[in-house]
Amino acid sequence: MKTIEPDLVEFFYYFKVISFMSKLHSAAVKPFLWSEVKADYEPSRVVILPIPYEATTTYRKGCENGPDALLDASGQLECYDEELDWEVCRDVGIYTHAAVADTRNGCTVTPEQMLQVTQATVSKLIEDGKFAIALGGEHSITAGVVEAYRQAYPDEPFTVVQIDAHGDLRQEYEGSIHNHACVMRRILDMGMPSVQIGIRSICIEEADLIKEKQLPVIWASEIATQPDWMERAIASIKTPRVFLTIDLDGIDPTIIPGVGTPEPGGLHWYPLITFLRRVFETHQVIGFDVMELAPIVDSVVSEFTAAKLVYKLIGYQAIAQGWN
Ligand SMILES: [Mn+2]
């Protein structure tokens with residue numbers, strides 16, 4: 001009987017690994033601010049990481065198309081920021097990484113593979129001294145991003161500040177602990193403190209957990225009615241370092257309708273950016289992500305607003321870190 005040569009077996013093994021890895025690393029369509037600047041990896045302080053992964057969304061689908069839509073819209077941004085009186089992108093290199101964990105075109109990526117490639121890629125960016133910005137994709141990705149920072153700062157806990165309509169605190173949802181409705185529970189499991197902002201839709205399991213663990217929450221109704229919410233939110237961040245995760249459904253659906261699960265009563269533009277600027281001024285933001293953009297056909301409002309938000313935050317970080 002004919003046996004297969006061992007190096008042939010090895011060849012097929014590596015062929016499988018390489019084709020799997022190339023599936024996890026695909027090219028982004030356009031770099032951030034594509035019409036304004038061309039930045040190389042080496043000198044860039046900021047790296048945008050597109051993660052077009054979608055597997056567990058339950059209502060409107062399409063967040064796997066979020067990163068490309070945001071990058072495409074970013075080409076329409078002004079380089080000059082009138083609030084900061086500065087052409088941020090002329091002085092701060094912004095490099096756009098190739099996409100990872102790409103589920104588009106019917107590619108299957110398991111939650112474990114997504115978390116692994118996300119964590120490994122972000123870990124490399126941290127090691128290279130980059131300020132990483134992950135673009136989703138569904139919110140479950142954040143667990144992989146936060147894990148990379150947890151490993152980078154093993155002895156110095158940081159607070160995960162979450163802007164979101166939903167608690168995302170379920171133990172599991174639709175049979176998976178990696179569902180996007182569970183991401184903050186996974187972060188809680190890592191032992192990370194969190195502050196949740198803009199919450200207006202949770203289940204009783206989550207409400208009980210918030211009470212039991214006395215988790216700091218700034219409810220959307222408080223944002224609408226209590227002028228001191230911003231100071232209370234800042235004061236509830238007890239660590240010098242912050243990781244910021246923005247689920248775009250935390251923002252009001254009148255300015256970002258293109259999300260998987262829109263909820264009325266979210267943050268509006270000026271309260272949102274005023275609060276975030278305060279976070280960057282009062283804490284060291286170690287990285288952030290912008291998740292759950294699910295573009296709407298024939299409307300660019302959501303992706304343009306999301307792109308503008310990303311650029312605003314790059315400017316706030318650059319000022320806070322003295323990159324100007
Ligand atoms: Mn969420």
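1. Let's start with helix H2. The residues that cover its buried positions belong, among others, to strand E2 (46-51), strand E5 (94-96), strand E6 (99-100), strand E7 (131-136) and helix H11 (301-320). "Buried" here means that 20 or more other C-beta atoms lie within 10 Å of a residue's own; 12 or fewer makes it exposed, anything in between is partly exposed, and C-beta atoms are placed from the backbone. The covering residues count as contacts, that is, their C-beta atoms, placed from the backbone, lie within 7 Å. Helices (H or I, at least four residues) and strands (E, at least two) are DSSP runs, numbered from the N terminus.

2. A word on what you are looking at. This is a predicted model, where local features need pLDDT of at least 70 and side-chain atom pairs count only at pLDDT 80 or more, while totals for chains, interfaces and linings use all residues. Residue numbers start from 1 along each chain as its sequence is written.

3. Back to H2, which spans residues 66-74 and is mostly covered, with eight of its nine residues buried. Those eight are Gly 66, Pro 67, Asp 68, Ala 69, Leu 70, Leu 71, Ala 73 and Ser 74.

4. Now the sheet. Eight strands make up an open, parallel sheet, and reading across you get E5-E2-E7-E12-E11-E8-E9-E10. Two strands pair if DSSP finds at least two bridges between them. E5 and strand E10 (217-219) are the edge strands: each has a single partner, so one side of each has no neighbour in the sheet. On average, neighbouring strands are turned by 15 degrees against each other, direction ignored. For angles like this, axes are lines fitted to C-alpha atoms (for helices, over the stretch in contact), and the angles run from 0 to 180 degrees between N-to-C directions.

5. How does H2 sit relative to the sheet? H2 packs on it and touches E2, E5 and E7, with its direction at about 115 degrees to that of E7. E7 itself runs parallel to strand E12 (residues 284-291), joined by three bridges. Look for Ala 134, which stands opposite Asp 289 in E12.

6. Strand E11 (residues 241-247) is worth a look too. Six of its seven residues are buried, so E11 is largely enclosed by the rest of the structure. On one pairing, five bridges link E11 in the parallel sense to strand E8 (residues 159-163), and Gln 162 stands opposite Thr 245. On another, E11 runs parallel to E12 over seven bridges, and here Arg 241 has Gln 284 as its bridge partner.

7. On to helix pairs. Two packed helices are described by the angle between their axes and the distance between the axes. H2 and H11 pack at about 75 degrees with axes 8 Å apart, which makes H2 roughly perpendicular to H11. (Angles of 65 to 115 degrees count as roughly perpendicular, under 35 as roughly parallel, over 145 as roughly antiparallel, and the rest as oblique.) H2 brings Ala 69, Leu 70, Ala 73 and Ser 74 to this contact, and H11 brings Glu 303, Phe 304, Ala 306 and Ala 307. That gives six nonpolar, one polar and one charged. In these classes Ala, Val, Leu, Ile, Met, Phe, Trp, Tyr, Cys and Pro are nonpolar, Asp, Glu, Lys and Arg are charged, and the others, Gly among them, are polar.

8. In H11 you will also find Thr 305. Is Thr 305 buried or exposed? Thr 305 is buried, because 21 other C-beta atoms lie within 10 Å. Leaving out residues up to four places away in sequence, Thr 305 touches Ile 255 and Ile 256.

9. H11 has another helix packed against it: helix H10 (residues 269-282), at an angle of about 30 degrees and with axes 9 Å apart. That makes H10 roughly parallel to H11. From H10 come Ile 273, Leu 276, Arg 277, Phe 280 and Glu 281, and from H11 come Lys 312, Leu 313, Tyr 316, Gln 317 and Ala 320. By class, this contact has six nonpolar, one polar and three charged residues.

10. Last, helix H4 (residues 111-127) and helix H5 (residues 142-152). Their axes come within 8 Å and cross at roughly 45 degrees, which makes H4 oblique to H5. The residues of this contact divide into nine nonpolar, five polar and one charged.

Key:
Two residues are in contact if their C-beta atoms, placed from the backbone, lie within 7 Å.
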